[in-house]
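This report describes selected features of one protein model. The sequence and structure are shown first, and the description follows.

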Amino acid sequence: MFLSVFDIFKIGVGPSSSHTMGPMVAGGMFLALLRGSHFKAHGLRARLYGSLAFTGKGHATDRATILGLAGVLPESYDHEAAEAVLAQNAKDHLLNPEGLGPLAFNPETDLVFDYGPALEGHANGMVLEALDKQGDVLAQETYYSIGGGFVRSAREMAAADDAAAKEAPSPVPFGFRSSDEMLSMAHASGLGIAQMKLQNEARFRSRPEIEAGLSRIWEVMNGCLSRGLETDGILPGGLKVKRRAKAIHDALHSERGQNLQAPHIVNDWISTYAMAVNEENAAGGQVVTAPTNGAAGVLPAVIRYWLDHVPGASRARVGEFLLTAAAIGGLIKTNASISGAECGCQAEVGSAAAMAAAGLCAVMGGTPEQIENAAEIALEHHLGMTCDPVRGLVQVPCIERNGLGAIKAVSAASLSLRGDGTHFVPLDAAIETMRQTGRDMHEHYKETSLGGLAVNVPNC
């Protein structure tokens with residue numbers, strides 16, 4: 001099992017990795033397919049299914065689909081250029097992807113939200129079609145946005161199932177598929193989890209490339225967090241949710257140095273760091289999947305807490321934090337899910353908290369056993385958490401939920417460091433429980449906005 005740290009942490013755009021970044025990526029994949037074909041397309045059509053249909057407009061899936069089919073990609077996203085593409089398409093109903101345009105695409109008729117049954121492969125499914133002048137289908141492909149900005153075509157999903165069935169040998173020296181294997185390999189090699197992960201990454205990139213990439217991830221994470229702490233106003237989408245991170249952060253700074261401050265005030269700092277990131281995400285800003293956009297605030301909040309509030313913290317060890325977190329995120333994604341549409345918010349904020357707890361435990365001197373324990377504690381106490389965004393926006397309860405997820409991550413790391421790593425519930429059992437819980441959870445509570453808070457509070 002190998003998922004690169006640069007797969008887990010991807011630089012992209014808000015508000016959703018699965019509903020915004022995923023459709024953009026799918027559009028790019030479909031354009032690549034058309035560029036390799038022998039026919040000339042006249043127009044395009046997109047059909048959205050499952051969670052992509054139910055919460056698509058609140059998650060900007062409509063905008064993302066149009067932009068993806070125009071050739072815009074998350075990693076090179078430019079807001080002004082994207083807005084120009086959307087404005088031009090609204091005017092002339094054409095898209096002009098490089099080497100293929102102009103192609104007819106009228107959002108009113110060619111972007112279909114199908115509220116019927118989801119596609120079989122995943123709750124986030126979409127079908128993209130290329131049309132001739134008569135409107136007949138020349139080419140068609142089904143794509144699944146499987147969480148965290150990962151996209152697979154139906155063919156790739158089938159091939160992955162075949163490969164898993166064949167138990168293909170690992171391409172890396174430490175190809176652990178479970179936390180039990182991870183701990184066994186750490187014990188046998190004498191290496192820490194981050195060291196094993198680094199050796200795996202080194203099979204595909206040079207050490208300077210890895211270090212530069214990790215530095216860039218933290219730079220973007222921290223930049224997003226800092227912008228959130230400096231920006232106020234109302235978030236887009238119609239709920240009129242007020243940004244709160246700046247005001248709370250300003251108040252915390254003004255209170256510094258006062259006598260008799262309650263110790264729990266540190267939780268306000270942690271929550272505010274996380275909320276700052278998710279307010280930026282809700283506004284469509286640049287974020288890093290960690291492991292998703294909806295849970296993007298947890299991990300950078302915990303890193304910022306460690307750097308700014310914990311004696312002895314060092315910027316030089318952020319890479320170790322990220323590598324450790326990515327190892328845990330890879331286990332969860334491989335053996336369960338990081339998709340809210342598949343397993344609810346336990347798969348997003350729960351996974352993020354487990355990753356952050358592991359990373360914090362590592363940089364605070366934890367053993368591999370304590371790191372595994374930290375991840376398990378954080379994940380276990382998010383089990384059953386639903387994904388029920390009000391009006392399909394990644395705002396309520398998502399922004400605050402990241403703050404509480406970050407607090408749980410810090411508490412989980414602290415608890416694990418108080419022990420020797422032995423504990424009752426293995427991380428593997430918590431991951432499998434999350435998978436089973438997600439399987440049994442009603443679809444109303446899996447990013448469809450058909451249940452929970454989404455229907456029990458005013459939507460305007």
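In strand β6, M126 is the bridge partner of L48. The model is predicted, with local features requiring pLDDT of at least 70 and side-chain atom pairs pLDDT 80 or more, while totals for chains, interfaces and linings use all residues. Residues are numbered from 1 along each chain as its sequence is written, and side-chain values use heavy atoms, without hydrogens and water.

Strands β2 (residues 43-50) and β6 (residues 124-131) run antiparallel and are joined by eight bridges; strands are DSSP runs of E with at least two residues, helices are runs of H or I with at least four, and both are numbered from the N terminus. Two strands count as paired if DSSP finds at least two bridges between them. β2 also pairs with β5 (residues 111-113), in the parallel sense and over three bridges, and V112 in β5 is the bridge partner of R47. Seven of the eight residues of β2 are buried, so the strand is largely enclosed by the rest of the structure. Buried means under 20% relative accessible area, exposed over 50%, and partly exposed in between, with a 1.4 Å probe and protein chains only.

## The loop residue D136

D136 lies in the loop between β6 and β7 (137-147). With 46% relative accessibility, D136 counts as partly exposed. Leaving aside neighbours within four places in sequence, D136 is in contact (heavy atoms within 4.5 Å) with A130 and L131. Its C-alpha atom is separated by 9.9 Å from that of H42, 94 residues apart along the chain.

## Packing of α14 and α16

Helices α14 (residues 318-335) and α16 (residues 349-363) pack at an angle of about 145 degrees, with axes 8 Å apart. Axes are lines fitted to C-alpha atoms over the stretch in contact, and angles run from 0 to 180 degrees between N-to-C directions. Residues of α14 in this contact include F321, I328 and I332, and those of α16 include M355, L360 and V363.

## Nonpolar cores

A nonpolar core is a set of buried Ala, Val, Leu, Ile, Met, Phe, Trp, Tyr and Cys residues joined through side-chain atoms within 4.5 Å. Of the 91 residues in the largest core, F9, M221, L299, L322 and I328 touch the most other members. Helix α16 gives the most to this core, with twelve residues. Another core, of 33 residues, lies apart from it and has M21, L34, L95 and L100 among its members.

Not counting residues up to four places away in sequence, M221 touches F9, V288, A290, L299, P300 and L322.
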